[in-house]
Amino acid sequence: MIERKNIIKILGERVNVYHSAVITCYNFDPIFFESVYLPTLRRLGITNVVVLTDASMYDQLLSDASYSCHQVKMNGYQLVRKENHYGGVFHSKVIMLFGMDEAALIVGSGNITFSGMSNNEEVWNAFHAKGESSPNFAILKRGWEYVKSLISSSSSLVQLQMEWIEEQCDWINSETDDDEILMESGETAMLLYNDSEDTIMNRLVETIGDAEVEEITVVAPFYDTRGDAIKCLKDVFDPEEFHCVMDLSRQSAPYELIKKNEGVEFYSYTDKQSPLHAKIIEIHASNDTWLLSGSANIGNMALGTNKRSFNDEACILVHSDERKEYIRELGLEEKFEPLFNDDLKKIVPPKRDDTPSSNRQVTLMSCENKEEKLHLTISTEGITCTLQVKDSDLEVVQEVELVTAHTMEIDIESESDAHLVVLTQDEETISNYCLVVSEVNVESCNPDPKRRKLSSLLDDSGLMDNISHILGFIEFDDGSKTVNLRVSAKEKRKKTDDESESINREQYDDLKDGSRLNLSMHSGVRILSFLQGILFKTETDEEASEDDLFDLQKENEGNDDVQSVLVDQESKEQSEAEEAKKLRNDVFSYLVKMTDYLYAKAEDESIQEEGSKSMPVNGGGHLPKLIGKAGLNESSSFAVAATIVSFLMQNHGKSVIKVNEVRDKFYECACMFFVVYGQHFTHEQDTNKKRKVHDMLKDATTMLYVSLCYFSFRNEEYELILTVLNSFDVWKKEPDTLDEIIISFREKLAILESETIDNKTYAVINHLYEIYKVGTPIRELSRYDEEIYLYRQGYGFIYAYDVAMETESWKFTYFHPRYANITYSLRGMTKYKGYKQSELV
């Protein structure tokens with residue numbers, strides 16, 4: 001399909017067909033892209049976006065004095081500085097869209113600017129393929145190979161975005177020997193581009209071969225001044241007629257050929273409202289027509305006529321085995337007027353612009369912000385200079401003295417907003433400015449269908465319908481299990497065009513992200529934020545309370561309207577009971593699932609250390625110590641557990657059935673979480689990831705206390721005390737943090753103001769805190785100590801009961817979450833570290 005219309009319209013209206021886009025251009029306008037183009041991609045469901053633009057235009061954009069007014073936000077996309085390595089510029093204009101089952105290739109003449117997308121006279125070629133069996137697959141495959149080759153020297157994060165495309169559009173890597181496609185019209189089409197192996201001109205000559213060319217028409221806004229490209233076309237094909245269309249307002253023309261006026265008919269493009277930017281070569285033979293259109297102007301560098309120095313360009317060559325007037329069919333011919341001798345004499349070259357040369361000594365090729373470091377790629381080694389890091393306000397936030405190397409890592413100070421970097425000497429700029437590609441920004445672009453489906457669920461207002469599905473996205477482990485996505489995505493690919501079809505859990509598990517960026521999902525973090533936003537959102541309840549309705553009934557006996565209100569209230573209560581039952585089952589199922597995971601994790605030998613003699617097990621040996629370390633998935637999954645329990649009880653506490661079953665499973669889950677991870681909580685905060693984990697563990701602990709307060713507490717229920725004491729103990733290295741957690745716990749309960757809060761449980765948690773912060777005492781065993789809470793290094797607190805003196809040795813039975821009812825003799829020991837039951841309740 002060859003089109004002149006707005007490229008935005010060519011993208012279409014079909015939603016959630018594509019997930020990724022790779023766009024190449026010479027000139028880039030961030031204001032237009034971020035306000036018009038990117039929202040269009042977002043509306044279509046495209047999240048993973050990479051834009052490549054010419055290095056010189058990139059540098060010019062960032063060094064412009066007005067950059068603060070047209071700043072590149074890179075919110076949801078990456079802008080890549082692309083060098084041309086053959087003495088020219090990066091000039092191709094390609095758009096590729098990728099979906100799980102479909103892909104599109106658009107090749108044309110327009111830049112990513114307002115003019116290029118809507119105002120200029122442009123020409124676009126668009127192709128669509130649905131799987132490797134599509135008739136258009138070969139040209140899509142060549143397009144993919146082309147854009148992938150452009151990214152091969154880019155930064156690791158941008159390459160990762162390309163890997164995501166391969167993972168979620170695996171069929172694009174299927175093999176094909178074809179270079180051209182046969183369209184429904186009977187015409188053929190192929191993609192031509194300049195690279196180290198071939199050029200557009202060479203491929204054009206090979207394709208046309210020995211055909212007797214009768215006529216050539218070239219249409220372009222820019223020409224080389226000597227007309228060498230036109231001379232080459234004339235020499236190779238020897239046409240009887242040669243037509244050249246120019247937009248003289250561009251001040252570009254083959255001036256030497258115009259002066260000689262030999263064998264070429266010249267035309268002027270006359271539409272002043274839509275400047276000419278289309279690039280076309282139409283070639284007629286006796287029974288054939290070829291149309292070359294795309295990014296290449298009519299110049300040596302554009303077409304690659306000398307095979308050594310050339311631009312990066314991309315074009316589509318369409319062939320018809322009958323004579324066709326493509327330019328006329330596109331409606332362009334009516335905008336051409338012939339130029340006669342008198343007109344041609346008036347065309348003179350513009351004055352040369354002698355712009356002073358730059359004092360640049362070195363090129364910053366890329367900069368990434370990942371793992372708390374700036375990763376730089378630099379063109380030149382051995383230059384002593386200063387690296388300036390600027391934030392989004394263009395203020396210098398960090399300066400580092402260095403000697404350049406091709407690849408460098410620089411520690412980032414605090415959580416600075418690193419937006420741009422530049423190298424200076426004696427306060428003079430000696431490099432280009434370079435945008436910082438952020439790991440966090442790239443993470444947000446991941447097109448994994450699980451992430452996209454989760455986003456749609458979180459955006460849906462029907463929480464009750466979605467909660468079980470939402471909880472299904474939680475990952476309990478930050479392990480490095482890798483799934484072969486290219487196989488699984490193909491096996492599990494949807495076989496329907498139904499855009500609203502849900503993706504089941506098994507399919508998501510198969511599609512779990514196994515790429516280098518292991519934290520790209522963070523589903524637990526997103527779900528936690530979502531749930532807490534709902535739980536702590538303060539709203540005015542305008543509905544009548546039960547007491548209000550009762551009073552109204554007494555005052556209005558026999559009133560039909562009142563009876564109707566009471567019936568509605570009864571119906572509402574019945575509906576609420578059903579909702580409560582459904583939510584309760586979803587929450588309980590989640591708690592069971594997480595608890596089972598924690599028990600299985602406790603048996604993982606990779607997190608076990610040699611046990612203590614004071615912790616025997618039946619059958620001999622000692623209970624291994626656990627050294628599990630909670631990451632973002634582990635910590636957020638427990639925080640979600642505590643939050644959904646709060647959500648359930650806050651909204652449906654009076655209607656929840658078998659509430660003690662929920663309580664006991666929540667106790668068990670919490671106990672096991674601190675058993676598995678409690679001895680190695682993350683206290684360091686020297687990296688962004690560690691800070692995130694640390695904050696998540698604080699949230700999890702806070703929400704634990706909030707949730708516990710919805711349940712009644714009896715003195716014999718040791719699980720509550722054991723859970724709370726062990727949650728205190730994990731923060732023993734950070735007493736100030738524990739203070740903050742308790743303050744936050746109290747504040748959250750004040751916000752909730754729930755009638756279902758158990759005041760006794762609230763009092764017990766606060767009482768335990770006051771006792772614990774004084775310090776855990778060492779005391780003598782006594783026959784009066786029937787129940788105690790022992791502290792064991794590497795295990796935490798343990799509940800011991802039936803304490804008694806037997807044959808000159810203290811003996812007791814103790815409970816640990818990993819097993820129960822182990823009888824143990826202290827054999828001569830008379831002291832213990834811990835608390836008496838009587839002082840804790």
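The following conversation covers salt bridges, a sheet and a charged patch in a predicted model.

Me: What kind of model is this, and how are residues numbered?
Reply: This is a predicted model, in which local features need pLDDT of at least 70 and side-chain atom pairs count only at pLDDT 80 or more, while totals for chains, interfaces and linings use all residues. Residues are numbered from 1 along each chain as its sequence is written, and side-chain values use heavy atoms, with hydrogens and water left out.

Me: How many salt bridges are there?
Reply: The count comes to 30 salt bridges, a salt bridge being a side-chain nitrogen of Lys or Arg within 4 Å of a carboxyl oxygen of Asp or Glu.

Me: Which residue does Lys-373 bridge to?
Reply: Lys-373 forms a salt bridge with Asp-411, with 2.4 Å between the closest N and O atoms. The pair links distant parts of the chain, 38 residues apart: Lys-373 is in strand 20 (residues 373-378) and Asp-411 in strand 23 (residues 407-411). Strands are DSSP runs (E, at least two residues), numbered from the N terminus.

Me: Is Asp-729 buried or exposed?
Reply: Asp-729 is buried, because its relative accessible area is 4%; buried means under 20%, exposed over 50% and partly exposed in between (1.4 Å probe, protein chains only). Its salt-bridge partner is Lys-732, at 3.5 Å from N to O, and Lys-732 is partly exposed at 39%. Elsewhere, salt bridges that share partners join Asp-59, Arg-81, Glu-83 and Arg-360 into one network.

Me: Turning to the sheet, what is the strand order?
Reply: The order is 23-20-19-27, in an open sheet of four strands with mixed pairing. Strand 23 and strand 27 (437-438) stand at the edges with a single partner strand each, so one side of each has no neighbour in the sheet.

Me: How do strands 19 and 20 pair?
Reply: Strand 19 (residues 364-370) pairs with strand 20 in the antiparallel sense over six bridges; pairing requires at least two DSSP bridges between two strands. Leu-364 stands opposite Ile-378 in strand 20.

Me: Which residues make up the patch of negative charge?
Reply: Glu-212, Asp-235, Asp-238, Glu-240, Glu-241 and Glu-265 gather in that patch on the surface. Patch residues have over 30% relative accessible area and no salt bridge, with like charges joined within 9 Å; Asp and Glu count as negative.

Me: Where does Glu-265 lie?
Reply: Glu-265 lies in strand 13 (residues 265-269). Glu-265 counts as partly exposed because its relative accessibility is 39%.

Terms used. Patch = residues over 30% accessible without salt bridge, like charges linked within 9 Å, V, L, I, M, F, W, Y side chains within 5 Å. Areas by Shrake-Rupley, 256 points an atom, 1.4 Å probe, with all protein chains shown as cover. Charge placed at Lys NZ, Arg CZ, Asp CG, Glu CD.
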